Amino acid sequence: MQPLFDFLGQYWWLAFPFLGMAGGAAKAWEQGAKRRHERRIETLRVKAQLKTAEFEARALTQQQKRGGPQIVDTTASVAPNELLGRLFTEHDEITARWLDYELDVAKLIAFPAMSDGRQPLTAAFLRAKKAADALRPTSAGAKVTEQQVSEYLDAVGNYAVAFEIAEKDARRLRDSTFTAPERKRLERAQQLLKVAIDDSATQAERNVAYKRVREELDGLILLSDDAVTVLEKQVAREIAAPAPKPATEPERMPQADPRRLPDANG
């Protein structure tokens, strides 16, 4: 023990850096725990909302059971119609939020994980989307069974939760999964993109900036065909021509001042 005491006596000042490191680690753990807690709360909130809709569906199907048939006729003005309408709305809202990332190149550069199927949470979201799309009835007026309504309800719930989690993770990661040189390329692409869609830039400037954006993103982020189409339309829009001046009377030639005219006699 004496050598240890001797070492501590000589290098007591090392305690301060160690304490600082320990404090930083504790703070990082606390922040991580807070984020995990917020994510669980958000997930539970979404699930609770969809559970309420599920209870309503079960109550309605019980009424159908007492009446005999197992088919829910959503053409009638009853709650099953409203339930499917609510599920359609929820389904469409999630898809619109996803497309906001998928079609906006600026957002794809800022949050690349949302388009990267190699990310586990993004892959889970894409699987949930595929399942919800496959189970969606053709319309709110379609005749569906109790089992179909229940399966679609669960699929929309999973879709909503999977998107919330994938989005939060993508916003947390940002470009941290890329190397330093790759992050530089993403930064250049973001700056060039501003020029490519800038109304004040000339068409030639926008075209050159667009080409360089594609070069910087090559091998880093895979743009969907739809995203490319949207971006090309933004780049190719015509620069607004100046409005023509309103028609006015033709300008009259100034009349010569007779006092300034040379005298005819010289």
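Modeller: One term before we start: two residues are in contact when heavy atoms of theirs lie within 4.5 Å. Also keep in mind that this is a predicted model.

Colleague: Got it. Which residues does Glu216 touch, then, if I skip those up to four places away in sequence?
Modeller: Glu216 touches Arg185, Arg188, Ala189 and Leu192. With Arg188 there is also a polar contact, side chain to side chain, at 3.0 Å.

Colleague: And where does Glu216 sit, and is it buried or exposed?
Modeller: Glu216 belongs to helix α8. Its relative accessible area is 12%, so it is buried, the cut-off being under 20%.

Colleague: Let me zoom out. How many helices and strands are in the protein chain?
Modeller: The protein chain has 9 helices and 2 strands. Along the sequence they come in the order α-α-β-α-α-α-β-α-α-α-α.

Colleague: What share of the residues is buried?
Modeller: Of the 266 residues in the protein chain, 30% are buried. As for surface, the chain exposes about 18200 Å², and carbon and sulfur atoms supply 57% of that.

Colleague: What about contacts between residues at least 6 apart in sequence, what percentage join residues at least 24 apart?
Modeller: That would be 75% of those contacts in the protein chain.

Colleague: Now the inside. How many residues are in the largest nonpolar core?
Modeller: The largest nonpolar core has 19 residues, and Val105, Ile109, Leu186, Leu217, Ile221 and Leu223 have the most contacts inside it. At least two residues of this core come from each of α4 (105–110), α7 (180–196), α8 (203–217) and α9 (225–236).

Colleague: Which helix gives the most to this core?
Modeller: That's α7, with 5 residues. There is a second, separate core too: it has 17 residues, including Ile94, Ala113, Met114 and Ala162.

Colleague: Back to Val105. Which residues is it in contact with, leaving aside neighbours within four places in sequence?
Modeller: Val105, which lies in helix α4, is in contact with Leu193, Leu217, Leu223, Ala227 and Leu231. Val105 counts as buried because its relative accessible area is 4%.

Colleague: How many residues separate Val105 and Leu231 in sequence?
Modeller: They are 126 residues apart in sequence, while their C-alpha atoms are 7.3 Å apart in space.

Colleague: Nice. At what angle do α8 and α9 pack?
Modeller: The angle is about 155°, and the axes of α8 and α9 are 9 Å apart. That angle is over 145, so α8 is roughly antiparallel to α9. On the α8 side the contact is made by Gln203, Arg206, Asn207, Tyr210 and Arg214, and on the α9 side by Val228, Leu231, Glu232, Val235 and Ala236.

Colleague: Changing topic: what is phi of Arg174 near?
Modeller: Phi of Arg174 is near 50°, a positive value in a residue other than glycine. You'll find Arg174 in the loop between α6 (146–173) and α7. With 42% relative accessibility, Arg174 is partly exposed.

Colleague: Last one. Where is Asp92?
Modeller: Asp92 is in helix α3, which covers residues 79–102. Asp92 is partly exposed, at 39% relative accessibility. Between Asp92 and Val156 there are 9.9 Å from C-alpha to C-alpha, and the two are 64 residues apart in sequence.

How values were computed
Residues numbered from 1 in each chain as written. Predicted model: local features only at pLDDT ≥ 70, side-chain atom pairs only at ≥ 80, totals over all residues. Heavy atoms only, no water. Helix = DSSP H or I, 4+ residues; strand = E, 2+ residues; numbered from the N terminus. Buried < 20%, exposed > 50% of the residue type's maximum accessible area, 1.4 Å probe, protein only. Areas by Shrake-Rupley, 256 points an atom, 1.4 Å probe, with all protein chains shown as cover. Core = buried A, V, L, I, M, F, W, Y, C linked by side-chain atoms within 4.5 Å. Polar contact = N/O pair within 3.5 Å; in protein donor to acceptor, adjacent residues only side chain to side chain. Axes fitted to C-alpha atoms, helices over the stretch in contact; angles between N-to-C directions. Parallel < 35°, antiparallel > 145°, perpendicular 65-115°, else oblique.
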